[in-house]
Amino acid sequence: MKWTEYVVEYFIISIYLCSYYKQVNSLDNGLLRQPPMGWLTWQRFRCVTDCDTYPDTCISEKLIRTQAQLLVQGGYLAAGYEYIIIDDCWLNMTRSVDGLLQPDNKRFPSGIRALSDYVHSLGLKFGIYEDYGTETCAGYPGILGHLSVDAETFASWKVDYLKLDGCNADIKDFDTGYPAMEDALNATGVPIAYSCSWPAYQEFDKMKPNYSAIAHSCNLWRNWADIDDSWESVYSIIQWFGDNQDRLSPFHGPGHWNDPDMLVIGNYGLSPGQSRAQMALWSIMAAPLILSVDLRTINDWARDILLNKNLIAINQDPLGAMGRRILKLDGNVEVWSKPLQDDRTAFVALFPQPYGTPIRISIKLSDLGLGRYQDYDLFELFHGDFLGKYHYTDAYNFTINPSGDVHAFYAESAEPKTKFHKKLRL
Ligand code: GLA
């Protein structure tokens with residue numbers, strides 16, 4: 001070979017090795033450039049497996065098929081909620097004689113591949129739950145010792161999203177175990193969104209999670225406590241994310257997201273105001289929007305909140321910035337803000353306390369971080385109403401109802417045309 005041929009060969013081999021290294025050592029599935037949106041069984045349907053007593057709500061293919069149809073018919077898919085994910089309690093208590101994962105065949109008689117095909121036929125994507133340890137949190141077989149074969153099984157079932165929990169495992173192993181499953185998923189060649197519970201268990205154990213490694217391996221990750229169907233639970237999660245935003249936000253962005261857990265809107269625990277608050281804060285945080293609600297019985301007002309186009313657009317903004325708590329005011333009112341593409345900003349002011357009477361707030365735009373000399377157009381976010389033109393030295397006055405309600409608003413450069421279009425449609 002001539003020396004020029006050696007150089008060419010060297011470059012070809014280097015490029016091949018680089019791409020191989022990338023293939024097996026970083027999550028390169030190109031997925032979730034925007035926060036995932038979907039529906040998950042856990043919060044609403046938990047681990048109900050007794051289909052004789054609870055035929056309509058037990059974890060079964062019938063439940064998934066019904067909710068999948070309603071995701072489409074109810075307009076949720078059109079709004080962006082595209083994943084339907086089965087959480088814990090879908091498995092048989094033992095693996096097959098060949099060592100493969102298998103579903104409970106009484107509740108999933110057609111098998112997971114048929115269910116996945118059905119979900120895909122509706123235009124949705126299919127997700128499933130497993131656990132890195134010996135058993136899932138509810139005691140079903142975990143993946144430890146079976147990573148490659150289980151990744152192959154998920155790929156053969158055309159799974160699009162894997163939630164990998166961390167019960168019944170040594171959390172010190174997570175820093176190698178979760179990346180090992182990432183490698184196993186990459187090796188299947190099928191792009192599978194990877195949701196990790198890796199830092200959640202470490203945070204609870206007061207370890208400092210390696211968020212840089214986590215963001216390298218996972219598309220999203222649960223950071224903190226399981227959400228419950230109450231304002232107390234939702235507010236405690238909002239507080240935790242506000243208190244820890246400096247540590248979390250640098251690792252948040254297209255392809256890799258912090259996850260404060262499911263939306264519980266439409267269930268038993270939240271008032272309409274508290275439901276608006278969860279939707280607004282999850283949108284501001286660019287959090288995954290994962291519903292867990294019975295779509296057969298959801299109220300119209302809850303559905304309207306979940307389908308609000310402006311809030312969803314704030315959540316899905318391509319910059320992918322995690323909003324931050326920027327102010328704490330009297331009455332424990334807190335203001336959060338999120339920078340959006342094209343120099344626009346969304347804000348949410350939350351009045352969490354049950355003081356019984358609405359609170360009046362007056363904030364200078366400069367205290368919201370708005371400092372351009374030109375005027376801003378302000379809009380209310382839920383209804384899109386135009387609030388007026390403001391200079392950064394002006395004060396903006398608004399009222400928030402108590403007990404966990406919000407005022408959500410939005411600022412962009414004032415355009416003369418704003419005089420004529422008085423509704424915000426993001
Ligand atoms: C853990 C997770 C929950 C859910 C249950 C299932 O608690 O954090 O989101 O998946 O396990 O058993």
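The shell around the ligand divides into three nonpolar, no polar and six charged residues. Here Ala, Val, Leu, Ile, Met, Phe, Trp, Tyr, Cys and Pro count as nonpolar, Asp, Glu, Lys and Arg as charged, and the others, Gly among them, as polar. This is a predicted model, in which local features need pLDDT of at least 70, side-chain atom pairs count only at pLDDT 80 or more, and totals for chains, interfaces and linings use all residues. Residues are numbered from 1 along each chain as its sequence is written, and side-chain values use heavy atoms, without hydrogens and water.

**Ligand site**

W42, D87, D88, Y129, C137, K163, D165, R222 and D226 surround the ligand. A residue is near a molecule if one of its heavy atoms lies within 4 Å of it.

Taken alone, the ligand exposes 310 Å², and the protein buries 90% of that. These areas come from the Shrake-Rupley method with a 1.4 Å probe.

**H407**

Strand β16 spans residues 405-413 and holds H407. Strands are DSSP runs (E, at least two residues), numbered from the N terminus. Is H407 buried or exposed? H407 counts as buried because its relative accessibility is 10%. Buried means under 20% relative accessible area, exposed over 50%, and partly exposed in between (1.4 Å probe, protein chains only). The H407 side chain makes a polar contact with the side chain of Y396, at 2.6 Å. Such a contact is a pair of N or O atoms within 3.5 Å; within protein, one must be able to donate a hydrogen and the other to accept it, and residues adjacent in sequence count only if both atoms are side-chain atoms.

Technical notes: Helix = DSSP H or I, 4+ residues; strand = E, 2+ residues; numbered from the N terminus.
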